[in-house]
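Please look through the sequence and the model shown here before reading the report.

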Amino acid sequence: MEHNPYYVLDYDEELAQLAHTYEQAMGYDVSAFAAWLREHRDEPMLAIGAGGSLPIAEMAVRLHYLATGRIGKSSEPIELFNLNPRAQGFAGLLVTASGGHSDSLASCKRLGMDLGGSWAVFCGKENSAGEGLLAGSQTPVFAYELLPDVHGWIAVNALLGQAVVLARAFIEAYPEHFDALPQDIGALLPEGVDSLSDALDALVESLGSALSRERLVFLYGPDTKAAALDLDSKFAESGLGKLVLSEYRNFAHGRYQELLPDPDKYGVVAFVTPYEEKIAVATLAEIPSEIASAGVTLPTLSGAAEQVSALLTQLFVVGALARVRGIRPGWGSRGTFGDVLYEFTLDDYFPVRLRQAIGS
């Protein structure tokens with residue numbers, strides 16, 4: 001089958017819009033969303049997202065855990081169709097950028113049924129088809145105009161916009177736990193990066209050796225897992241190369257073995273928050289010199305701002321990798337088997353498991 005790549009918007013052009021997206025997302029009224037989050041402070045959270053929405057789902061459960069102490073779990077759309085009918089007493093959040101693709105529509109239909117839990121939808125597009133399906137239901141839709149009309153194949157501005165709105169909603173819901181986001185987006189950049197315009201050059205200089213290697217290992221911790229999921233999504237969807245994701249201690253429990261036969265083919269990049277600094281520094285210090293390695297130190301921020309910082313930095317790391325390797329991220333292919341897979345209607349494959357099935 002012919003491989004037909006196409007570009008909608010160049011990745012560097014999307015990066016150039018991030019300051020505007022940040023300002024826009026900082027201006028939305030998030031009070032209703034915040035009230036819903038606060039209302040469910042005594043419950044665990046299940047957040048559902050696919051592709052670029054999965055990192056936002058992970059961010060949601062992380063912030064819910066930091067604010068409430070309640071355990072959270074992020075997962076993909078199939079999880080919503082495979083809920084145990086005995087599940088109850090949890091907050092469910094469906095994250096979608098457009099509210100219009102087949103998984104979102106099937107999920108919104110399913111949310112109109114009695115699935116257990118108290119569900120809401122966080123959508124990056126106002127008046128979406130999914131929002132229309134839930135009109136008049138008990139499932140609130142928190143929709144904001146964050147998805148640009150013209151955008152590339154992978155999530156960039158929509159991702160940052162949803163991250164900022166979500167962070168602000170948690171900040172408003174739990175002001176006793178989170179500080180406000182900075183008005184200047186530059187305050188979210190990693191140490192050594194002075195401005196958005198300098199971000200790519202700075203990261204190329206600090207990470208260039210590691211990013212140039214044939215295979216990349218990305219190390220992360222609990223506070224940077226959402227960024228790791230975003231990197232995985234972009235590598236897979238843009239065909240950026242070979243990627244190994246590993247949490248710091250999982251790396252120590254054997255994932256380093258992959259690097260040993262061909263160390264000169266690997267680069268290691270680690271995201272470092274203040275909480276993870278000691279283990280990150282100790283881990284990087286033990287990596288042999290023939291394996292190019294570098295850490296990206298994020299600024300000292302409260303939990304909500306830290307999550308936005310990691311995702312913002314991740315967007316620029318992908319841009320730096322593209323420069324180092326001479327490739328263009330953000331491409332897609334039309335007319336492949338993937339189009340068929342994308343349009344699958346989940347209702348056709350998963351029977352309804354309603355709560356009245358309990359005990360049957």
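The report that follows describes a predicted model.

When residues up to four places away in sequence are not counted, Phe 33 touches Leu 93, Phe 122, Phe 142, Tyr 144, Leu 166 and Ala 169.

## Aromatic pairs

The count of aromatic pairs comes to ten. One of them joins Tyr 28 and Tyr 144, whose ring centres are 5.6 Å apart and whose planes stand at 65°, so the pair is edge-to-face, the cut-off for that class being over 60 degrees. This pair links distant parts of the chain, since Tyr 28 sits in the loop between helix 2 (18–26) and helix 3 (31–39), Tyr 144 sits in the loop between strand 6 (141–143) and helix 8 (157–173), and the two are 116 residues apart. Tyr 28 counts as buried at 18% relative accessibility, and Tyr 144 is buried as well, with a relative accessible area of 5%.

In another pair, the rings of Trp 36 and Phe 142 have their centres 6.3 Å apart and their planes at 55°, so this pair is tilted. Here too distant parts of the chain are linked, with Trp 36 in helix 3 and Phe 142 in strand 6, 106 residues apart. Both Trp 36 and Phe 142 are buried.

The buried residues of helix 2 are Leu 18, Thr 21, Tyr 22, Ala 25 and Met 26. Viewed down the axis of helix 2, these buried residues fall within an arc of 130°, so they line one face of the helix. The face turned away from that buried side carries the exposed residues His 20 and Glu 23, while the buried residues of helix 2 pack against helix 1 (11–16), helix 8 and helix 13.

In helix 3, the residues Phe 33, Ala 34, Trp 36 and Leu 37 are buried. They cover an arc of only 160° around the axis, which puts them on the same side of helix 3. The packing partners of the buried residues of helix 3 are strand 2, strand 4, strand 5, strand 6 and helix 8.

What share of strand 4 (residues 91–96) is buried? Six of its six residues are buried, so strand 4 is largely enclosed by the rest of the structure. Both of its faces are covered, with Ala 91, Leu 93 and Val 95 buried on one side and Gly 92, Leu 94 and Thr 96 buried on the other.

Strand 4 pairs with strand 2 (residues 45–48) in the parallel sense over four bridges, and the bridge partner of Ile 48 in strand 4 is Leu 94. Strand 4 is also joined to strand 5 (residues 118–123) by six bridges, these two strands running parallel, and Ala 91 has Ser 118 as its bridge partner in strand 5.

## Helix 4 and positive phi angles

Helix 4 (residues 53–68) has 16 residues and reaches 23 Å from its first C-alpha to its last, close to the 22 Å expected at 1.5 Å a residue. Of its 16 residues, 13 are buried, so helix 4 is largely enclosed by the rest of the structure. Just after helix 4, Gly 69 takes a positive phi of about 80°.

Asn 127 has a positive phi of about 55° although it is not a glycine. Asn 127 lies in the loop between strand 5 and helix 7 (129–133), and with a relative accessible area of 69% Asn 127 is exposed.

Technical notes: Residues numbered from 1 in each chain as written. Predicted model: local features only at pLDDT ≥ 70, side-chain atom pairs only at ≥ 80, totals over all residues. Heavy atoms only, no water. Contact = heavy atoms within 4.5 Å. Phe/Tyr/Trp six-rings, centres within 6.5 Å; stacked < 30°, edge-to-face > 60°. Buried < 20%, exposed > 50% of the residue type's maximum accessible area, 1.4 Å probe, protein only. Arc of directions from axis to C-beta. Pairing = 2+ DSSP bridges. Expected span 1.5 Å × (residues − 1).
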